[in-house]
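Please prepare a report on the fold of the protein chain shown below.

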Amino acid sequence: MTLDNLKKTRAGLEESIRQLIGHAIMIVELDLFALPCGCSGYTANTRGLALDDLEVFEEHFLKQLKGSAQALEISSGFVFARIIPGTQEIAALNIRELCPRCYSDFAATSGKRPRPDIYIMHLEKRKH
Ligand SMILES: [Zn+2]
């Protein structure tokens, strides 16, 4: 993973989402993160993307996001969108390699909206 790779991934993801939904959106920032609990991944902060867009093209979004995660060498076991509470606006798209504790928390929930600010697109179940 290089910075150049990160830049290309941001631009590529932005372009492919624009083509997919047919109107302009921006990925204003693509961040890699590592949390104290052990989770890591990336956050793509978006502008102009609505929950509607995501629901209509969910399978395509998932494919694009998984592809970009692969380009950054991140495993895409958990893919979700963060929604601005009380709105239909998506603040960010996230790919996360869950730590064991966060995995248990999310695996125990059901449905796509375990919290008002989260829309789960994919959660790979692990064997116990
Ligand atoms: Zn965690």
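The report below goes from the whole chain to single residues.

## Overall build

The model described here is predicted, and the protein chain in it has four helices and five strands. Read from the N terminus on, these elements follow one another as α-β-β-α-α-β-β-α-β.

The C-alpha atoms fill a box of roughly 40 × 35 × 25 Å when taken along the principal axes. For 128 residues, a compact globule would have a radius of gyration near 14 Å, and the protein chain agrees with this because its own value is 14 Å. Buried residues make up 25% of the 128 residues. Among the contacts with a separation of 6 or more, 57% are accounted for by residues 24 or more positions apart.

## The sheet

The five strands form an open sheet in the order S1-S2-S4-S3-S5, with antiparallel pairing. S1 and S5 stand at the edges with a single partner strand each, so one side of each is left without a neighbour in the sheet. From one strand to the next, the twist averages 15 degrees.

Within this sheet, strand S1 (residues 26-34) pairs with strand S2 (residues 40-47) in the antiparallel sense over eight bridges, and Met26 stands opposite Arg47 in S2. S1 and S2 form a hairpin with five residues between them, and Gly38 in the turn has a positive phi of about 120 degrees. S2 also pairs with strand S4 (residues 90-97), again in the antiparallel sense, over six bridges; here Asn45 stands opposite Ala92 in S4.

H3, in turn, lies across S3, S4 and S5 and runs at about 70 degrees to S5.

In soluble globular proteins, nonpolar side chains tend to be buried together. In this model the largest nonpolar core has 24 residues, and Ala44 and Ala81 are the ones that touch the most other members. At least two residues of this core come from each of helix H1 (3-21), S1, S2, helix H3 (58-71), strand S3 (78-83), S4 and strand S5 (118-123). The largest share, five residues, is supplied by S3.

Which residues does Ala81 contact, leaving aside its neighbours within four places in sequence? With those neighbours left aside, Ala81 is in contact with Leu54, Ile90, Leu93, Tyr119 and Met121.

## The loop between H3 and S3

Two residues of the loop between H3 and S3 can be set side by side, namely Leu72 and Glu73. Leu72 is partly exposed because 18 other C-beta atoms lie within 10 Å, a count that falls between the limit of 12 or fewer for exposed and that of 20 or more for buried. Glu73 has 8 C-beta neighbours inside 10 Å and therefore counts as exposed. The phi of Glu73 is near 60 degrees, which is a positive value in a residue other than glycine.

Leaving aside its neighbours within four places in sequence, Leu72 is in contact with Met1, Asn5, Leu6, Thr9 and Tyr42. Leu72 and Lys112, by contrast, are 40 residues apart in sequence and 25 Å apart in space, taken from C-alpha to C-alpha.

Note on methods
Residues are numbered from 1 along each chain as its sequence is written. This is a predicted model: local features need pLDDT of at least 70, side-chain atom pairs count only at pLDDT 80 or more; totals for chains, interfaces and linings use all residues. Two strands pair if DSSP finds at least two bridges between them. A nonpolar core is a set of buried Ala, Val, Leu, Ile, Met, Phe, Trp, Tyr and Cys residues joined through C-beta atoms within 7 Å. Two residues are in contact if their C-beta atoms, placed from the backbone, lie within 7 Å. The radius of gyration is taken over C-alpha atoms; the globule rule is 2.2 Å times the number of residues to the power 0.38. Axes are lines fitted to C-alpha atoms, for helices over the stretch in contact, and angles run from 0 to 180 degrees between N-to-C directions.
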